[in-house]
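Here's a quick briefing for anyone opening this structure for the first time. Take a look at the model, then walk through the points below.

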Amino acid sequence: MSFRVPRVDISAYVADGTAAQRAAVAAQIDQACREVGFVQVVGHGVPDEITAAFVRAMDAFFALDLTTKKTCRTPPSVNRGYAPPKSESLSLSLGVESANRMNDFFEAFNVGATAADYPDSPGLPQDDYAENVWPDVEGFERAVSTYFAQAGRVARTLTGIFGDALGLDPDFFGSRTGHSLDVLRMNNYALPPGTDVTLDGDLTGMGEHTDFGIVTVLWADQVRGLQVLGSDGGWHDVEPDEGAFLVNLGDVMARLTNERWMSTLHRVKPPVLDGTIERRRSAAYFHDGDVDAVIEVLPSCVDADHPALYTPVTVGEHIAAKLQGSRAGVSNVAARRESESVLSSRR
Ligand SMILES: O=C(O)CCC(=O)C(=O)O
Ligand SMILES: [Fe+2]
């Protein structure tokens with residue numbers, strides 16, 4: 001069976017679609033989430049100019065010299081600012097050492113929702129809703145913030161569809177995402193000119209991982225590199241369709257649905273060309289949910305044949321354990337179910 005990421009047009013939810021049109025979208029999303037965990041989403045309504053200006057801003061930042069970029073670093077406990085190449089190891093978010101004991105070579109820049117963005121939720125923990133650091137790049141903050149708002153709007157449209165697809169109370173996601181921990185991670189997979197990749201062995205752009213939250217809205221250029229683990233046990237190259245966002249579910253959805261929906265393993269291995277890698281960029285918007293929202297298996301997803309696979313956890317506890325792995329290098333021992341699937345994919 002060939003691997004394919006289904007394509008779904010969500011415009012019935014972005015504009016005023018009829019009930020029948022929306023039901024058809026929800027049914028397609030349900031099928032994609034059960035079978036693949038990744039979806040090519042079109043009809044999202046994000047204007048091309050906003051994405052193009054965002055990508056230009058991202059390029060301008062990554063073009064700065066390393067010393068300048070490093071002035072935008074934050075401590076590992078704060079998921080903001082610049083992460084230099086090899087400072088993170090995504091497979092440790094699952095409690096698995098990277099296959100070659102090398103950290104991931106991507107560099108990243110993170111921005112996220114701050115406490116000030118949620119004036120109706122006083123007293124949010126400062127580390128989780130930290131202030132952003134902005135580089136001194138003309139127009140960067142405006143272009144990135146504009147895109148951030150659009151990607152967040154798409155993520156919230158998607159949770160509306162998820163609620164319908166799962167037959168939940170219309171307020172289910174709204175009441176768990178009023179002060180959602182949202183982060184936009186801009187990724188640059190590039191090596192300094194002249195790096196001989198054969199010396200570095202089996203190079204990892206970004207180690208195998210599942211995303212942590214509810215849903216991820218990914219923009220990526222069309223350079224190959226992203227690979228998704230199929231139900232056949234093989235890794236498959238996936239690129240976003242022209243004008244589409246690649247959307248995937250994170251662990252919060254696997255927990256809620258008792259794995260009826262999939263938080264699918266993926267990794268990045270940029271192609272090697274003439275002894276070095278071809279540069280690749282992506283930007284992942286993570287919509288994770290409120291830090292204090294309790295995530296427990298939906299009663300509708302449990303029966304005699306499907307006992308609950310997870311105990312309740314707050315979004316904050318879950319994300320903190322994951323970030324301890326990827327950003328601070330402390331292997332996540334709580335991710336037993338996920339690490340088993342990584343290890344079996346290596347056999
Ligand atoms: O670069 C990509 O295409 C994927 C990035 C990713 O998986 C992530 O940032 O979590
Ligand atoms: Fe990811």
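By class, the shell around ligand 1 holds 6 nonpolar, 3 polar and 2 charged residues. Keep in mind as you read that this is a predicted model. The chain has 347 residues, and 44% of them count as buried.

**Around ligand 1**

- The residues around ligand 1 are Arg 185, Asn 187, Met 206, Asp 211, Leu 218, Ala 220, Leu 226, His 266, Val 268, Ser 282 and Ala 284.
- Which elements give two or more residues to this shell? They are strand S5 (180-189), strand S7 (215-220), strand S11 (266-268) and strand S14 (280-290).

**The sheet of 8 strands**

- One open sheet has 8 strands in the order S1-S2-S10-S7-S14-S5-S4-S3, and its pairing is mixed.
- At the edges you'll find strand S1 (7-9) and strand S3 (81-83); each has a single partner strand, so one side of each is left without a neighbour in the sheet.
- Ignoring direction, neighbouring strands of this sheet are turned by 25° against each other on average.
- Helix H2 (residues 19-35) packs on the sheet, where it touches S1, strand S2 (38-42) and strand S10 (245-249). The direction of H2 makes about 155° with that of S1.

- Is S5 enclosed or open? Here 10 of the 10 residues of S5 are buried, so S5 is largely enclosed by the rest of the structure.
- Both faces of S5 are covered. One side has Ser 180, Asp 182, Leu 184, Met 186 and Asn 188, the other has Leu 181, Val 183, Arg 185, Asn 187 and Tyr 189, and all of these are buried.
- That layout is a handy reminder of a general point: in a regular strand the side chains alternate between the two faces of the sheet.
- Strand S4 (residues 107-112) pairs with S5 in the antiparallel sense, over 6 bridges. Within that pairing, Gly 112 has Val 183 of S5 as its bridge partner, and Ala 108 stands opposite Asn 187.
- S5 also pairs with S14, again in the antiparallel sense, over 9 bridges. Here Met 186 stands opposite Ala 283 in S14.

- Another open sheet has 4 strands in the order S6-S11-S8-S9, with antiparallel pairing.
- Its edge strands are strand S6 (206-209) and strand S9 (235-237), and each of these pairs on one side only.
- From one strand to the next, the twist averages 20°.
- Strand S8 (residues 226-229) and S11 pair in the antiparallel sense over 3 bridges.

**Helices H2 and H5**

- Two packed helices are described by the angle between their axes and the distance between the axes.
- The axes of H2 and H5 come within 9 Å and cross at roughly 85°, and these two helices are therefore roughly perpendicular to each other.
- Which residues make the contact? H2 brings Arg 22, Val 25, Ala 26, Ile 29 and Asp 30, while H5 brings Ile 161, Phe 162, Asp 164 and Ala 165.
- By class, this contact of H2 with H5 has 6 nonpolar, no polar and 3 charged residues.

- Phe 54 sits in helix H3 (residues 48-62). Is Phe 54 buried or exposed? Phe 54 is buried, because 25 other C-beta atoms lie within 10 Å.
- Leaving aside neighbours within four places in sequence, Phe 54 is in contact with Ala 143, Val 144 and Tyr 147. The C-alpha atoms of Phe 54 and Tyr 147 are separated by 6.3 Å, although the two are 93 residues apart along the chain.
- Gln 150 is found in helix H5 (residues 140-165). With 19 C-beta neighbours inside 10 Å, Gln 150 counts as partly exposed.
- Outside the four places in sequence on either side, Gln 150 is in contact with Val 46 and Ile 50. Gln 150 and Thr 51 are 99 residues apart along the chain, and their C-alpha atoms are separated by 9.2 Å.

**Contacts across the chain**

- Among contacts between residues at least 6 apart in sequence, 77% join residues at least 24 apart.

Terms used:
Residues numbered from 1 in each chain as written. Chains lettered and ligands numbered in written order. Predicted model: local features only at pLDDT ≥ 70, side-chain atom pairs only at ≥ 80, totals over all residues. Near = placed C-beta within 6 Å. Nonpolar A, V, L, I, M, F, W, Y, C, P; charged D, E, K, R; others polar. Buried ≥ 20, exposed ≤ 12 C-beta atoms within 10 Å, placed from the backbone. Contact = placed C-beta atoms within 7 Å. Pairing = 2+ DSSP bridges. Axes fitted to C-alpha atoms, helices over the stretch in contact; angles between N-to-C directions. Parallel < 35°, antiparallel > 145°, perpendicular 65-115°, else oblique.
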